[in-house]
Amino acid sequence: GWVKGTVRRSGVQGGRGFFGNKKGLLVGVFGRGAAAVSRLARAVEGRDAAAIDALFMPDAVVELPVGAPLTPRRFLDSLGPSASLRPIDVTSAGWLTALRFELSAPPGPPRSGVAILEFDPKSRLIARARFFTQGPT
């Protein structure tokens, strides 16, 4: 069959490597990534620190912009009282979830870009969130 042919052509080492690389198709965050992004957007809009704490690992890092690490709580505080986060095209693979986003945090100008959330495989909480923004930060 197909599996036997793949192993025969690749050798035992190659077959093991082939199936090892498919782990991202079998384990990962899957739909939980999109659900976490939705909860993050609601937490930002509602200024809900308890919800932020429930989404992130205790030692998690949020970068907005990338290169400026904050704790999740400081990230929330930095956005101001009338902030909103609009996720677009949320996709998960393995333990990563990527999305385009629009962030409004008055009085500053709106920002948009791409974010990557890295989930901890054991706790399934966000370990790192990186927001790559377009234009001035």
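A salt bridge is counted where a side-chain nitrogen of Lys or Arg lies within 4 Å of a carboxyl oxygen of Asp or Glu. The views below come from a predicted model, in which local features need pLDDT of at least 70 and side-chain atom pairs count only at pLDDT 80 or more, while totals for chains, interfaces and linings use all residues. Residues are numbered from 1 along each chain as its sequence is written, and side-chain values use heavy atoms, with hydrogens and water left out.

View A. R111 is buried but has no salt bridge, the nearest side chain of opposite charge being that of E102, 12 Å away; buried here means under 20% relative accessible area and exposed over 50%, with a 1.4 Å probe and protein chains only. Apart from neighbours within four places in sequence, R111 is in contact (heavy atoms within 4.5 Å) with L64, L79, F101, E102, L103, A105 and T133.

**View B. The hairpin of β3 and β4.** Strands β3 (residues 84-93) and β4 (residues 96-104) pair in the antiparallel sense over eight bridges, where pairing requires that DSSP finds at least two bridges between the strands. S84 has S104 in β4 as its bridge partner, and two residues separate the strands, with G94 in the turn taking a positive phi of about 60 degrees.

**View C. The two sides of helix α3 (residues 31-46).** The buried residues of α3 are G33, A36, V37, L40, A41, A43 and V44. They lie on the same side of α3 because they cover an arc of only 165 degrees around the axis, taken from the directions from the helix axis to the C-beta atoms. On the other side of α3, G31, R42, E45 and G46 are exposed.

Terms used. Lys, Arg positive; Asp, Glu negative; His and termini not counted. Helix = DSSP H or I, 4+ residues; strand = E, 2+ residues; numbered from the N terminus. Expected span 1.5 Å × (residues − 1).
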